[in-house]
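Welcome to a short walk through this protein chain. Have the model open beside you as you read, and follow along from one region to the next.

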Amino acid sequence: MRKMRKMLLAVMFAVSVLALGEAPAVEAAPQTIVNGTPWKDVNNASLQAHGGHILQVGSTYYWYGEDKIHNSANFKAVTVYSSTDLKTWTWRSYALTQASHPELQSAKIERPKVLYNESTGKYVLWGHYEDGAGYTLARVAVATSDTPTGPFVYQGSFRPNNNESRDMTVFKDTDGKAYLVSSSNNNYNLRLYRLTSDYLGIDTELNMIYEGDHREAPAIVKQGNVYYLITSGASGWYPNQAMYSTATNMNGPWSALQPLGNKSAFYSQPAFILTVQGSAATSYVYVGDRWNSSQLGDSRYVWLPLTLNGTSASLDYYDTISVDAATGVVNGVSNGTLLSQGKPAMAQSALGANPASYANDGNYQTEWVGTSVSWPHWWKVDLGTVRQINNVQISWWMMNGSEGYYQYKIETSADNVNWTVALDRTGNTTYGFTSDTFSATGRYVRINMANAKLHNNPSNWYTPRLWEVKVFGQAIDAVRWQSHNYPSRYIANDNGTAKIVENPAVANSEWIMVPGLADSAGVSFRLKSNPNVYLRHSNYMLYAQTDSGGVFAADATFYQVPGLAAGGKSSFQSYNYPTRYIRHSGFNLRIDPIGTALEKNDATFQAQ
Ligand SMILES: [Ca+2]
């Protein structure tokens, strides 16, 4: 069976090589993962892997997590799913159930993590253990298995070095040593332990990582010789600001806490960091839990590209990301271009120290604040010209566990006088972060805040305020794509070849951006003056051609990502060759791997 599949693949590759004249892709096309939506396994059952961890064994990924299908915080099972593409998950087994051990009959097992021990050949599962009645035992639990799918044999629970241990993670270093990081002392301190060589117990307690900082949900990843530790704050099931520290030694010193992402970690709590090591790249994915405390089994997952730059980390939001397990390429996919950043902003009122412009400055740590507690209250931005609007992301005020939510409308106007309600969200109950996808047109976009509800103190609300508003979209009708480094040149049809052309005729350079022919999460470029003609690549060069069937749709599909040389602009990743991006070289347009600053400039375009 396996051999037959190999032969079939070989034939398919031969065909694609003939058709394309290009080196074949290693595996299937990249997968798109949509954030915050219900995720189903291959049997269409709800994917239950909360607070979990992904372990790679060969080319297979195993996702362990809490089964919360019964909508209770109490333990039902630790699930195991497997996948080779990181999107399609097959339920494999329960690593642990209530029947695994008398101690698990009435219990809590949170944040299960699994490491493979090379010396014993065992898969070792660690989790946070509590009894079913309370939250005061504050122990770790350990279980082992000969295979990644179990069954795991429960080894017992204990307090590491007699310290309280609640939220925790385990991390296996490149030298084979493994560590436990856990929240202790009512979560005020974050402690670090080196595990015994069999990973079954504590060898040594090392230096405290944080003292008095009240951090939870630790996750560790290593890039080169730098360790990144990501944690959440402590606000129950509510999300809060993720922070990170770096170190070049697990035993410290760890750098001061730095904010990561927006004030609610885009409405998520860190679960773990996934390293995707492929043939062309090594990428990092932040995986968070979007907890739904009233229906825990419906808690969602948030997967975002985590950018690590040697000493700093950054996280931004995308409704959709593309993940290629074979090449290791991971990208956020934008729903158009970021139109609003730095554009003129106004508000109904503003404190001198918190002007309206702070809500569209690209900084999640600066906010616009109104002068009085009065509703409704509005904030608006002038995009400069009428645009197609696809997506509005808003980072809302957070209140350290006493959260509130805003009820609001998104309104648009062509003239700043006559307004249309593009989206009515006065029924909203989501706090921290919203990403609204809809279709509207307008030059002005207004966030009209009708009211806000503060859970713990409904009559005592605070001043209207916004951390950040991001409006994504594109030019109405058609777009001209201007070169980042040669502003007089545009992507244009040049007698069937696609080039960047100096001041081209409008008829040859206006492209209608349509959903990708091979993947609707991507885009295809259709020539406005000839709707049969699309931009496509062949032999690494770009052409303006009519759909000829076969591989044409794949060759004509790209993922729009933030500009590699300027985040407010755009770059275009090839759908079927995900390590390659549209770039110009001289006047020719190609799809090429991008590495140098010059290549990033050449691969960046501005919508006009
Ligand atoms: Ca801001």
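## A hairpin to start with

Strands β2 and β3 (residues 60-66) run antiparallel to each other and are paired over six bridges. Within this pairing, Ile54 faces Trp63 of β3. Two residues sit between the strands of the hairpin, and Gly58 has a positive phi near 60°. How much of β2 is buried? Six of the eight residues in β2 (residues 50-57) are buried, leaving the strand mostly covered.

The average pLDDT over the chain is 92, and 95% of the residues reach at least 70. Residues 1-27 have a pLDDT below 50, and this stretch has 17 contacts in the model beyond near neighbours in sequence. Where pLDDT is low, the predicted coordinates should not be read in detail.

## Three domains

The chain is divided into domain 1 (35-333), domain 2 (338-475) and domain 3 (481-607). Between domain 1 and domain 2, the C-alpha centres are 33 Å apart. Their contact involves 14 residues from domain 1 and 16 residues from domain 2. On the side of domain 1 that touches domain 2, six residues are nonpolar, six are polar and two are charged.

## The nonpolar core

Which residues have the most contacts inside the largest nonpolar core? They are Tyr179, Ile273, Val285, Leu304 and Trp379, in a core of 160 residues. Strand β27 (residues 377-396) gives the most to this core, contributing seven residues.

Leaving aside residues up to four places away in sequence, Tyr179 touches Val170, Phe171, Leu192, Tyr193, Arg194, Leu195 and Met250.

## Strand β15 and its partners

Strand β15 (residues 226-232) is largely enclosed by the rest of the structure, because six of its seven residues are buried. Strand β14 (residues 216-223) pairs with β15 in the antiparallel sense over six bridges, and Ile220 stands opposite Leu229 in β15. These two strands form a hairpin with two residues between them, where Gly224 in the turn has a positive phi of about 60°.

β15 also pairs with strand β16 (residues 242-247), again in the antiparallel sense, over five bridges. Here Thr231 has Met243 in β16 as its bridge partner. In a regular strand the side chains alternate between the two faces of the sheet.

## Backbone details worth a look

Most residues other than glycine have a negative phi, and most peptide bonds are trans.

Where are the cis bonds? One joins Gly150 and Pro151, with an omega of about 5°, and Pro151 belongs to the loop between β8 (139-145) and β9 (153-158). Another cis peptide bond joins Trp375 and Pro376, with omega about 0°. Pro376 lies in the loop between β26 (368-369) and β27.

Turning to phi, Phe266 is not a glycine, yet its phi is positive at about 55°. Phe266 is in the loop between β17 (258-260) and β18 (269-277). Is Phe266 buried or exposed? Phe266 counts as buried because 27 C-beta neighbours lie inside 10 Å, where the cut-off for buried is 20 or more. Asn503, also not a glycine, has a positive phi of about 40° and sits in the loop between β34 (497-502) and α2 (506-509). Asn503 counts as exposed because it has 9 C-beta neighbours inside 10 Å, where the cut-off for exposed is 12 or fewer.

To finish, find Ser439 in strand β30 (residues 433-454). Why does Ser439 count as exposed? There are 11 C-beta neighbours inside 10 Å of Ser439, so it counts as exposed. Ser439 and Gln388 are 51 residues apart along the chain, while their C-alpha atoms are separated by 7.2 Å.

Terms used
Residues numbered from 1 in each chain as written. Predicted model: local features only at pLDDT ≥ 70, side-chain atom pairs only at ≥ 80, totals over all residues. pLDDT = per-residue confidence, 0-100. Contact = placed C-beta atoms within 7 Å. Helix = DSSP H or I, 4+ residues; strand = E, 2+ residues; numbered from the N terminus. Domains from an automatic or database assignment. Nonpolar A, V, L, I, M, F, W, Y, C, P; charged D, E, K, R; others polar. Core = buried A, V, L, I, M, F, W, Y, C linked by C-beta atoms within 7 Å. Pairing = 2+ DSSP bridges.
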